[in-house]
Amino acid sequence: MATQQASTETTSARLEEIFISSNRIQELSEAEDIEDMESKSPEPLHQQMAHLDLIEQPLRDNLVTQSSELQDETLAAILPFLTDNPFGFELNSYGIPKLQRSKHIAFLHNALGKYPPQFAVMDAARPWLLYWSLQGLTCLREDVSDYRERVTYTFSACQHPTGGFGGGHGQLPHLAASYAAVLSLVIVGGEESYEMIDRKAMWHFMGNMKQPDGGFTMAPGGEEDIRGAFCAMVIITLLNLPLELPPNSPARVKGDETFLTNLPEWVSRCQSFEGGISSAPGNEAHGAYAFCALGCLCLIGEPSTTLPKYLSIPPLLSWLSSRQTSPEGGFQGRTNKLVDGCYSHWVGGCWALIEAALSSPNTSATSSNNCLWNRAALVRWILSCCQGKKGGLRDKPGKHPDAYHTCYNLAGLSAAQHHYVYLPERNTGLDEGPLAAAFKWDVADGGVGEEDKRVWDEEDEVRVVHPVFVVPWGQAEKCRGYFERKEGF
Amino acid sequence: MSKYSDDPAWSDIVPLPQDDGGPNPLAAIAYKDEYSEAMSYLRAVMAENEMSERVLGLTEHIISMNPAHYTVWLYRAKCLFTLSSDLKAEIAWLNPTALKHLKNYQIWHHRQTIIEKLDSADGEVTFISSMLEADSKNYHVWSYRQWLVRRFDLWHEGELEAVEGMLKEDVRNNSAWNHRWFVVFGNEKMEGVDDGVLEREMDYAKAAIYMTPQNQSPWNYLRGLLRYAKLPASTLKEFALEFASPEKPDEVHSSHALDLLADIYAEEENKKEAEKALDLLAKRFDPIRANYWNYRKSLLELPAAAS
Ligand SMILES: [Zn+2]
């Protein structure tokens, strides 16, 4: 049985913010923390804590509003975790709680298990539970190949006869469910996993979602937003689907030819006056949508070409940079909102993509210390504030851990611990077709700068994650290669 | 007693139980009997593409148990349209449901689908306002509001006043700032705005900054105005100097003013002052972003044309 907190309140909230977190207004005094505060750490953290200077807030306005009150309450709940060690975790050599690897592993195995009846609100999100758990486990260096058979048949029940995956048996196909399903199958890998996907039907489903204005809807009759654009391009790339639109596509009927027609232009329209990216043109800039936009453009072409071509970089950079909160060190999703562990990935994951866009092509690994953000502060935030006492990672102190925040905190941790370079000339052994761009990344760990600003030991390190696909390093290439070698559908 | 299998009105339907794909599916949910029975009937009617009053009742029942079930919502909408149901009644039913499930994605999309078909925005703004009172930064509600304004041409129907009311309540509400931008500049059919509007918006953002100099929302708004009107950053030099100066590091009231000043000095090719401003940010007023500020400093080395 899943031992995660099973209150309807948290589960429905989890489901309702599938893919993006909505920073709910919530009281911060939940039982778990208060209980756990009693077990004090053996040594006071602040005496050896790295980068204590970041805890100051040099500039503050006096005017009190709802936003500032909420921010102050939140910070009050967070500060003990930044300056002390309320859960009594063992500390690493920098005076920061160690990564509680075995607890998180147990938590995620458990998240793949059975759920009690009140989790019925997660019924449409089971593909996500699989993806978050499997991705989190591999991040923690856990071998998940034992799950292969169960993953494969669990998703066989979710596959829709007309193409794509839904949340479960008999549910309509949905791009988010399809994304989670394909990534899960890529993570466990192997022929039986790949072959269970009906690619021809998937191609038709994708064609149905492609809209005449260039974007994608999430489901038949569903909403059109930038998640659709990203999820669709991830699936098309990994499964090596034909770029031509199938005849049934509403965009094809209008005269468009490929999945790429007007797509980057549509993504471009989502950049708001703030410089960040919104779910659809006109809406508010938001961290999760920023990752979708950058990811989508990095699938379509080389980052140093597509990003500056379709986005205005200086305001984007300024906006992304502003999302890292001080003193917490984590990221918020929007201007004047609260820090939240899942943005460790949604915003933290943007940096590799935008740094690649700014560096000139074919620069060697040595230029990778050209870092634009604060990796140490993010690692400190994740390890100090987001680890649940009994395993799993969370939004922030006061919240319960869940698979979603565990997955994306760990992906953010990986983004902070590893350096990527983009090598347009990299020989991948894959076809040099139109969607080859996402396979040109390389890891440039070792010999890079920032050593003086590290706050983690080797045992706190997690695995390298593919910066666009967000699956374990190497798995995306295997899947793409498999389908390149395959004749027809 | 089972709700459907014991009901003669459903006796013609053979329920379709859930196929889990294998003996030990992952993340399986131990559904209550009531939920799995209703879902089995939904699968059966969807397989037959049945559109009927009883199906509407079935979807309502499932929604009450799981409002996050996108399939049920999408099928319900299709059913309502096929049966030419009373869509106003649908909206009236949705109102309390939406208030109960504030963060639900599906409800808002369903509402949008119904209102689109109804072709009338009557009462919607009032309803949205009551939702925003409960949750002033709700992304779905704001996105829906933006859709509504665009769809029904509500640009001049009190939106600006509504936003002003919300910003008066909380000048840090960035969602409200975004909506202000949308209302003033978001109409794609409009060809630019006149100077009076631009000046009004500048003044509005400046007034907010006087109240809260460290509030990034109005600074972003000001920056947006500069880019929109293609004005040089130096347009705001005097204003920015009211909140910070690289020459008076002990009298800095806003890191955002320093940021803007750095751009202004760079524009004036006054590299020394720009560096001073960026150093103050990196070392004293915004050290968490030191790497970013140092990157900005490195751009000063590039020829002016490239920056
Ligand atoms: Zn979150």
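How many aromatic pairs does the structure hold over all chains? The structure holds 50 of them over all chains, where rings of Phe, Tyr and Trp (its six-membered ring) pair if their centres lie within 6.5 Å, and planes under 30 degrees apart count as stacked, over 60 as edge-to-face and the rest as tilted. This is a predicted model, in which local features need pLDDT of at least 70 and side-chain atom pairs count only at pLDDT 80 or more, while totals for chains, interfaces and linings use all residues. Residues are numbered from 1 along each chain as its sequence is written, chains are lettered from A and ligands numbered from 1 in the order in which they are written, and side-chain values use heavy atoms, with hydrogens and water left out.

**Aromatic pairs in chain A**
- The ring centres of A:W128 and A:Y179 are 5.7 Å apart with the planes at 50°, so this pair is tilted.
- The pair links distant parts of the chain, with A:W128 in helix α5 (residues 126-139) and A:Y179 in helix α7 (residues 175-188), 51 residues apart; helices are DSSP runs of H or I with at least four residues, numbered from the N terminus.
- Both A:W128 and A:Y179 are buried, where buried means under 20% relative accessible area, exposed over 50% and partly exposed in between (1.4 Å probe, protein chains only).

**An aromatic pair in chain B**
- B:Y210 and B:F239 form an edge-to-face pair, 5.5 Å centre to centre with 85° between the planes.
- B:Y210 counts as partly exposed at 46% relative accessibility, whereas B:F239 counts as buried at 5%.

Note on methods. Helices (H or I, at least four residues) and strands (E, at least two) are DSSP runs, numbered from the N terminus.
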